[in-house]
Amino acid sequence: MAETTEFRVYNTMNQQKEIFKPVVDGKVGMYVCGVTSYDLSHLGHGRAAVSFDVLYRYLQHLGYEVTYVRNFTDVDDKIIRRANELGENPLTLSSRFCQEYLNDMMDLHCLLPTHQPRVSDHMDQIKDMITRIISHDCAYTIEGDVYFAVDKSPNYGRLSGRKLEDNRAGERVAVDSRKRNPFDFALWKAAKPGEPSWDSPWGPGRPGWHIECSAMSAHYLTFKFDIHGGGIDLIFPHHENEIAQSCAACQESNVSYWMHNGHVTNNNEKMSKSLGNFFTIRQITDIYHPLALRYFLLGTHYRSPVNYSIAQLDIASEAVFYVYQTLQDCEDALSPFQEVNGPKVSLTKAAQECIKKLQTDFQTKMSDDLSTPYILNASLQEALRFINSSLNMLKKKQQKQQKLSAVLSLAELEKEVKGVLSVLGLLSPLTYSEVLQQLKGKALKRAGVIEDDILHLIEERAQARKNKDFSRGDQIRADLSLKGIALMDVGKETIWRPCVPVPVEQEPQAVPVLVPVPVEQEPQAVPVTVPVPVPVEQEQQAPAS
């Protein structure tokens with residue numbers, strides 16, 4: 001284990017930041033609630049995955065051996081309902097959307113968890129846990145159904161701070177009048193005609209929603225493990241019920257840290273499939289690079305709500321382009337030089353200070369409950385500005401020793417920046433130039449043009465300037481800026497790059513955005529036009545304290 005600042009995480013159970021100490025030194029067990037696989041994943045799913053992917057990466061960066069478990073709920077009322085609508089086998093439909101989810105996560109640069117258990121593959125573990133709960137007199141059977149008796153859980157509500165009477169009875173299913181207490185929840189549901197079922201001691205049926213995570217986390221991580229994560233909406237009742245049933249099955253059951261990511265909102269309302277106000281990940285990555293979407297999500301602290309914003313996606317996209325253009329320029333500048341080393345070659349003092357500050361900031365801020373916004377908006381930007389400043393200095397005449405020192409400094413800075421990007425999941429396996437081309441391709445799609453159109457306008461602008469028709473030249477440049485295309489004069493050459501669309505004062509122009517689709521329709525990207533507000537710095541949310 002490397003010497004580091006103590007890692008502190010916010011524990012929902014105690015509602016405060018706590019120093020992270022794993023159950024077993026050097027090892028971490030982490031379970032994160034995954035998706036119910038009946039449709040393409042929306043931005044809220046992407047946020048949860050990215051949030052805990054960064055946690056996973058950072059724990060590995062700190063030197064921990066991490067066992068990361070993220071489940072798939074592939075047996076559920078919603079899956080059955082959707083399968084019946086489509087005339088498809090529920091498990092076949094669910095398996096298809098499990099794979100679609102994995103495809104989306106790959107696009108977002110999320111590492112594969114150590115284990116990705118599915119409910120349908122763990123019926124024995126689920127039934128064994130239910131049997132243990134019944135044997136401890138904490139559950140009862142009614143006509144093939146098994147219910148957990150919340151009255152048997154004296155600490156029920158300790159995670160959420162809610163009283164028993166606050167429980168949303170029937171949140172996911174209809175209230176059953178046969179229950180001893182209206183807040184008791186199903187561990188096992190008796191089979192119904194046309195639904196998938198499995199044999200059990202209580203008759204054929206399938207598991208309730210909550211029991212699956214308790215059974216699978218215990219199977220892969222034992223009853224005592226370090227981190228249980230998920231969206232903030234899962235605190236109550238799902239995670240509260242998990243605690244109750246896990247403790248009923250094993251008195252020593254304990255999760256050390258409960259961690260929850262904030263909502264993604266659309267017009268300040270939670271984005272979800274049930275509300276029909278969601279955007280699928282693919283709708284967004286159709287016109288924005290997946291790295292831009294990841295950057296956008298990391299620009300807000302994982303515990304704070306993040307509001308879906310085209311303006312902020314544009315800013316994130318430009319930021320990613322700036323990162324990769326800087327790295328490309330650095331690579332180009334260093335390419336003529338062979339490996340630079342030797343007793344007389346050392347880093348410049350300024351480079352040493354820049355690297356030290358980046359390392360210190362990264363360690364300090366990431367160890368403070370994963371403060372990614374500070375890294376992206378301050379530390380990383382300072383390092384990139386220093387690289388660009390150093391590149392300009394490298395172009396000037398210098399003594400050989402000074403130049404070699406500058407080259408070595410740039411090489412080390414590039415290495416440090418790449419290290420930060422890697423932990424944040426923002427370092428692509430592709431070359432810098434390939435990523436830049438992809439970003440430009442997305443910008444062209446958003447602008448509704450092809451590159452030949454831009455090249456033609458560059459030629460027209462050059463001719464207008466040659467003819468001293470500067471107003472026409474300025475108009476071409478302004479028109480392209482409206483569409484998110486910036487023209488840059490470099491020497492005698494004009495090049496283009498993506499930029500944040502610049503709206504005309506008092507006449508906001510339209511750019512393509514995505515419209516939420518009804519839940520029952522296959523999600524598609526639907527281009528419409530709305531006025532784009534001038535991006536303001538305040539829209540980028542600060543980390544929660």
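The legends below describe close-up views of a predicted model. Local features need pLDDT of at least 70 and side-chain atom pairs count only at pLDDT 80 or more, whereas totals for chains, interfaces and linings use all residues. Residues are numbered from 1 along each chain as its sequence is written, and side-chain values use heavy atoms, with hydrogens and water left out.

**View A. The largest cavity and its lining.** A cavity is a set of points, on a 1 Å grid over the protein atoms alone, where a 1.4 Å probe fits but cannot get out, and its lining residues have an atom within 4 Å of a point. The largest cavity holds about 80 Å³ of space, a volume being the space filled by probe spheres set on the points, which are joined across faces, edges and corners. Residues lining this cavity include R47, H301, Y302 and L370. Helix α1 (43-61) and α8 (290-298) are the elements that give two or more residues to the lining, and α1 gives the most, with four residues; helices are DSSP runs (H or I, at least four residues), numbered from the N terminus.

**View B. Backbone at Q15 and D369.** Although Q15 is not a glycine, its phi is positive, at about 55 degrees, and Q15 counts as exposed because its relative accessibility is 56%, exposed meaning over 50% and buried under 20% relative accessible area (1.4 Å probe, protein chains only). D369, also a residue other than glycine, has a positive phi near 60 degrees, but D369 is buried, with a relative accessible area of 0%. D369 sits in the loop between α10 (349-366) and α11 (372-394).

**View C. The cis peptide bond from F236 to P237.** Omega of this bond is near 10 degrees, and P237 belongs to helix α6 (residues 235-249).

Key: 1 Å grid on protein atoms, 1.4 Å probe; cavity = no way out; pocket = protein on both sides within 12 Å on 5 of 7 lines; lining within 4 Å.
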